[in-house]
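Biologist: Could you walk me through this model, beginning with the annotated domain and then turning to the interface?
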2 protein chains.
Amino acid sequence: MGQLLKVQNFCVSRDGYGAGEAQSLEHPFGHVDPQGLMSWAGATASWPNRTDPGGSRGLDDYFTRDFSHNIGAEIMGRNKFGPQRGPWQDHEWQGWWGDNPPFRTPVFVLTHHERPSFTLNDTTFHFLDASPADALAEAREAAQGRDVRLGGGATTIREFLAADLVDTLHVAVADIEFGSGVRLWESPDELTDRFHLEVVPSPSGVTHHIFWRK
Amino acid sequence: MGQLLKVQNFCVSRDGYGAGEAQSLEHPFGHVDPQGLMSWAGATASWPNRTDPGGSRGLDDYFTRDFSHNIGAEIMGRNKFGPQRGPWQDHEWQGWWGDNPPFRTPVFVLTHHERPSFTLNDTTFHFLDASPADALAEAREAAQGRDVRLGGGATTIREFLAADLVDTLHVAVADIEFGSGVRLWESPDELTDRFHLEVVPSPSGVTHHIFWRK
């Protein structure tokens with residue numbers, strides 16, 4: 001099947017939002033608390049930021065440890081990369097992830113405002129002003145035969161879905177409501193004309209939605 | 001947590017059997033048809049023996065592609081390796097898997113009848129007359145920091161469970177009955193004194209049982 005474009009471990013609220021309103025440096029997810037979105041992954045043994053040796057090894061851990069499986073590049077929207085909007089004021093901002101970002105591949109950040117590439121440990125960030133199709137072509141080349149992860153946010157995923165470029169999606173629906181924010185969908189059923197869908201409730205309370213192309 | 005000993009994708013019937021009676025060269029699983037045990041994995045996109053480009057990418061595919069995740073060695077019983085019993089008549093038999101076995105790591109075959117190691121592509125088979133604890137120590141060293149898979153059969157898994165050496169188990173329970181054969185358990189509840197258990201039904205009809213140590 002060649003190189004897939006995959007959404008993995010993308011978290012949304014029960015009402016379909018991937019983030020709240022008014023994202024900022026202090027509030028990367030805007031008016032909502034991301035803890036409730038991502039606690040299912042943080043509780044697993046394979047969570048990259050785990051500081052103690054515990055953690056669950058049940059269903060949720062399979063999704064957590066699959067994050068890097070056969071992935072050779074990531075594409076993300078600029079709003080996932082940082083809180084700034086408009087032209088870059090400086091190049092000091094290097095993402096939310098500190099000196100050792102969890103991607104460990106080339107990452108292509110979509111932005112209308114280009115800036116030079118830089119490398120943190122095993123991750124190199126590139127900045128692209130490109131259509132979804134052109135960005136995917138560039139990421140596929142960088143991935144050297146491996147798959148490409150579409151990292152989000154919700155708006156970026158919607159753009160790639162609109163361009164019919166996404167092969168698989170794993171969306172974890174948390175049992176919380178945001179009321180407003182950056183929306184992925186009104187309902188997962190919007191995608192079932194083009195995708196198979198399996199809905200798998202986890203004992204943790206999150207509901208995994210797994211889509212793959214028909 | 002160090003190097004885990006993991007049972008992965010081990011398939012049993014609803015009544016707890018991993019194989020039937022009277023295993024032979026012609027009938028590796030004895031009186032039962034293994035197709036019904038393993039069809040859930042064979043239907044996935046990640047199944048190693050897949051010859052066409054299709055296959056499902058839902059829940060079952062996560063388990064199929066996790067098979068080699070961070071695994072550095074496998075331990076298996078002799079009855080998984082081949083149909084012979086007693087002293088080796090010759091060394092021509094090299095396992096069920098042809099020239100390119102799916103393990104791609106050192107494999108330690110437990111047997112009271114030693115024979116020389118040999119290599120097929122990326123897999124080297126070693127033959128050990130050792131206790132479960134000693135076999136695990138040797139496999140851990142060969143795994144070079146990675147985890148060790150306990151490949152089965154059911155009797156071998158029971159021996160390692162009796163020695164309390166197993167850290168995680170994934171057992172796929174197929175919706176078929178064998179009536180007799182090589183038993184893994186009377187019921188998965190036998191393990192819940194020592195293990196957490198998540199029971200996850202798959203749309204394919206198989207029920208994934210995921211255990212990890214309390």
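Biologist: Over residues 70-189 of chain A, what are the percentages of helix and strand, and how far apart are the end C-alpha atoms?

Modeller: Bearing in mind that this is a predicted model, residues 70-189 of chain A come out as 21% helix and 28% strand, with the end C-alpha atoms 28 Å apart. An unreviewed UniProt entry annotates that stretch of chain A as the domain "Bacterial bifunctional deaminase-reductase C-terminal".

Biologist: OK, switching to the interface: how many residues of chain A are in contact with chain B?

Modeller: On chain A there are 20 residues in contact with 20 residues of chain B. The area buried between chain A and chain B is about 2000 Å², and carbon and sulfur atoms give 65% of that area.

Biologist: Which three residues supply more than any other three of the area that chain A buries?

Modeller: Those are A:R57, A:Y62 and A:R65, which together supply 32% of the area that chain A buries against chain B.

Biologist: And how many salt bridges does the rule find across the interface?

Modeller: The rule finds two salt bridges between chain A and chain B; one of them joins A:D66 to B:R65, where the closest N and O atoms are 2.7 Å apart. As for polar contacts, the count between the two chains is four residue pairs.

Biologist: Which elements give two or more residues to the side of chain A that touches chain B?

Modeller: In chain A, these are α2 (59-65), β8 (168-173), β10 (195-201) and β11 (207-213), and α2(A) gives the most, with four residues. By residue class, that side of chain A divides into nine nonpolar, six polar and five charged residues.

Definitions and conventions: Residues are numbered from 1 along each chain as its sequence is written. Chains are lettered from A and ligands numbered from 1 in the order in which they are written. This is a predicted model: local features need pLDDT of at least 70, side-chain atom pairs count only at pLDDT 80 or more; totals for chains, interfaces and linings use all residues. Side-chain values use heavy atoms; hydrogens and water are left out. UniProt positions are given in the numbering used here, feature names are shortened, and annotations may be inferred rather than shown by experiment. Contact means heavy atoms within 4.5 Å. Buried area is the accessible area (1.4 Å probe) that two parts lose on being put together, summed over both. A salt bridge is a side-chain nitrogen of Lys or Arg within 4 Å of a carboxyl oxygen of Asp or Glu. A polar contact is a pair of N or O atoms within 3.5 Å; within protein, one must be able to donate a hydrogen and the other to accept it, and residues adjacent in sequence count only if both atoms are side-chain atoms. Ala, Val, Leu, Ile, Met, Phe, Trp, Tyr, Cys and Pro count as nonpolar, Asp, Glu, Lys and Arg as charged, and the others, Gly among them, as polar.
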